[in-house]
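Hello,

Here is the structure I promised to pass on. Please have a look at it, and then read on for what I found.

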Amino acid sequence: MENVRAIATFQQIGEEVYRTNTYIQFGTSSQSLGAAVMLNPGSAQLKGEVRRKLVQTGAHTDEVSLDRTMRQLVKFMKATHSNLNGRLYIYNLFYVKNAISKEAIELFESLKSTGNYPTITRPSLSEIQRHPWILIGWGVEKGKNSGFYELEKKKWLELIKESNIPYFGVLSKDNDYYHPNPNGPAHSERLQQLIQAFKKEIEPSISRN
């Protein structure tokens, strides 16, 4: 997509790859346009030759390919913002890469329960407060054993509420937040739901500030 890039840091720890410090860059400004809190990193990969650097050094920051979810978020941003010059920051409940949600939760639970999940902390309150709004889209997937996963959701909600920043998402009947880019034809409907939620819940808050 023209004038849109994604940047991320990848780390190889043991057998797993972790992706942190991810943002979608529109234009040249480093100002935050907003933030999204997702489940975990999916399919976005380091481009070309820089993949080799990750293997060699164990960590590397560079441009990554836009995955399906990132492309959906770009469409959302273009539909809700007239002047796109800045960054959409992407946080996750956990940072180990796996494109299948249920498997990702099981892997996270296993790594946490065995003490093999690296120390990756949630952002500070001051960092969260530099964003004008937050989109919650960690999905509604449930696991058989998901205590660590549910705790992360609880801690993130507490952090977001403490920040007093406007937040939104598409809620399920169980009062959880749908992923912004479901598989199949539903992704077009979800995009419209997100746009409507933003215009109803976020734009009035921003205009008052």
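**Starting from a loop**

Thr28 counts as exposed because its relative accessibility is 73% (buried is under 20% relative accessible area, exposed over 50% and partly exposed in between, with a 1.4 Å probe and protein chains only). The model is predicted, so to speak of local features I need pLDDT of at least 70, and side-chain atom pairs count only at pLDDT 80 or more, while totals for chains, interfaces and linings use all residues. Residues are numbered from 1 along each chain as its sequence is written, and side-chain values use heavy atoms, with hydrogens and water left out.

Thr28 sits in the loop between strand 2 and strand 3. (Helices are DSSP runs of H or I with at least four residues, strands are runs of E with at least two, and both are numbered from the N terminus.) The C-alpha atom of Thr28 is separated by 9.6 Å from that of Leu84, 56 residues apart along the chain.

In what order do the seven strands of the open sheet run? The order is 4-1-2-5-3-6-7, and the pairing is mixed. Strand 4 (59–64) and strand 7 are at the edges with a single partner strand each, so one side of each has no neighbour in the sheet. Two strands pair here if DSSP finds at least two bridges between them.

Seven of its seven residues are buried, so strand 5 is largely enclosed by the rest of the structure. Strand 2 pairs with strand 5 in the antiparallel sense over five bridges, and here Phe26 stands opposite Gly86. Strand 3 pairs with strand 5 in the parallel sense over six bridges, with Ala36 opposite Ile90.

Strand 3 (residues 32–38) also pairs with strand 6, in the parallel sense and over four bridges; Ala35 faces Ile134 of strand 6 there. Strand 6 (residues 134–137) sends Ile134 and Ile136 one way and Leu135 and Gly137 the other way, and all are buried. Strand 6 then pairs with strand 7 (residues 167–168), again in the parallel sense, over two bridges. The partners in strand 7 are Tyr167 for Ile134 and Phe168 for Leu135.

**Two helices**

Helix 2 has 13 residues, which at 1.5 Å a residue should span 18 Å, and its end C-alpha atoms are 19 Å apart, which agrees (the expected span is 1.5 Å times one less than the number of residues). Asp67 caps the N-terminal end of helix 2, with a side-chain oxygen 3.2 Å from the backbone nitrogen of Thr69. (A polar contact is a pair of N or O atoms within 3.5 Å; within protein, one must be able to donate a hydrogen and the other to accept it, and residues adjacent in sequence count only if both atoms are side-chain atoms.) Among the buried residues of helix 2 are Thr69, Met70, Leu73 and Phe76.

In helix 6 (residues 186–208) you will find Gln192, which is partly exposed with a relative accessible area of 42%. The C-alpha atoms of Gln192 and Ala79 are separated by 9.4 Å, although the two are 113 residues apart along the chain.

**The pockets**

The search used a 1 Å grid over the protein atoms alone: a cavity is a set of points where a 1.4 Å probe fits but cannot get out, a pocket is an open set with protein on both sides within 12 Å along at least five of seven lines, and lining residues have an atom within 4 Å of a point. Grid points are joined across faces, edges and corners, and a volume is the space filled by probe spheres set on the points.

The largest pocket holds about 620 Å³ of space. Its lining counts 28 residues, with Thr69, Ala99, Ser101, His179 and Asn181 nearest the centre. Helix 2 (68–80), strand 5 (86–92) and helix 3 (101–113) are the elements that give two or more residues to this lining, and helix 2 has the largest share, with three. By class the lining has 11 nonpolar, 11 polar and six charged residues (Ala, Val, Leu, Ile, Met, Phe, Trp, Tyr, Cys and Pro count as nonpolar, Asp, Glu, Lys and Arg as charged, and the others, Gly among them, as polar).

The second largest pocket holds about 260 Å³. Of its 14 lining residues, Thr20, Asn21, Tyr91, Tyr95 and Glu127 are closest to the centre. Strand 2 (16–26) and strand 5 are the elements that give two or more residues to the lining of this second pocket, and strand 2 has the largest share, with four. Its lining has seven nonpolar, four polar and three charged residues.

Best wishes
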